[in-house]
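Open your viewer and get ready to select residues. We will go stop by stop.

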Amino acid sequence: MTAEHKQDIRDGARDSVPIAVAYFAVAFSLGIAARTVGMSPMQGFLYSFLNFTSTGEYAGFQLIAEQASYAAVILMTLVVNARYILMGAALSQRIPEDSPFWHRFIYAQSITDEIFAVSIHRTRPLSIWYSLAAILPADLGWSAGTALGLSMGNILPERLVMALGVALFGLFLGIIMPPARENRVVLGVIAVSFALSLLFAKVPPMSHMTSGNRIILLTILIASAAAALFPVKDEEPEKEDAHE
């Protein structure tokens, strides 16, 4: 292992520690939610380790509780995590062109908002050593938090467990509110999403659908409508100096 590789590992571990701590705290609430579908702490650990996304996992719990098909789970995971496709495309421009498939698989599997942020802003070239050092502590913190939440959920009083379960919704509000305050379109889309979610849950025949299928349908409909009505315009290139 070269000195450059060792430096990449140190940098990755340094960037990952605060992410791992935050993930552990958030995943604890996720473990409380996982308790409702009858998972064991080991199952919760593996579930979080392999499915490294809060929205995907929580939606997955809904489908597991409803005994949905594998096809529905796969489709839901693709829909709610579609933003990672764009992140992966951006990161693909930062990795060495001769990277083998298993390197690219690790880059793709490990993308989260926070890992993407520290990776894309890295001044040094992105290497597999940096990515592994950044990914493993964060993923282990996330998985351990889920497992602990499941374990404590079996010990703590039921009322306290229900109260802790609300923290996960606080996480989602913390994710969506900052961009909503800065962009009226985002705020409008969020408001429409809330309204249609309530409508679909109360009005037949949509109310007869499983919650997982409603999530898939609403995500596709609302995202497609927002993209068509409010496309994001490309930034105009800077005009050249007229004197040049």
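How many salt bridges does the structure hold? It holds 4. A salt bridge here is a side-chain nitrogen of Lys or Arg within 4 Å of a carboxyl oxygen of Asp or Glu.

This is a predicted model, where local features need pLDDT of at least 70, side-chain atom pairs count only at pLDDT 80 or more, and totals for chains, interfaces and linings use all residues. Residues are numbered from 1 along each chain as its sequence is written, and side-chain values use heavy atoms, with hydrogens and water left out.

**Stop one: the salt bridges.** Select Asp8 and Arg122. They form a salt bridge, with the closest N and O atoms 2.6 Å apart. This pair links distant parts of the chain: Asp8 sits in helix α1 (residues 3-34), and Arg122 in the loop between α7 (113-120) and α8. Helices are DSSP runs (H or I, at least four residues), numbered from the N terminus. Arg122 counts as buried because its relative accessibility is 9%. Buried means under 20% relative accessible area, exposed over 50%, partly exposed in between (1.4 Å probe, protein chains only).

**Stop two: Ser143.** Find Ser143 in helix α8 (residues 128-153). Ser143 is buried, at 0% relative accessible area. Show its neighbours: Ser143 touches Phe45, Ser48 and Phe49, not counting residues up to four places away in sequence. Contact means heavy atoms within 4.5 Å.

**Last stop: Leu50.** Go to helix α2 (residues 41-50), where Leu50 lies. Is Leu50 buried or exposed? Leu50 is exposed, because its relative accessible area is 61%.

How values were computed
Helix = DSSP H or I, 4+ residues; strand = E, 2+ residues; numbered from the N terminus.
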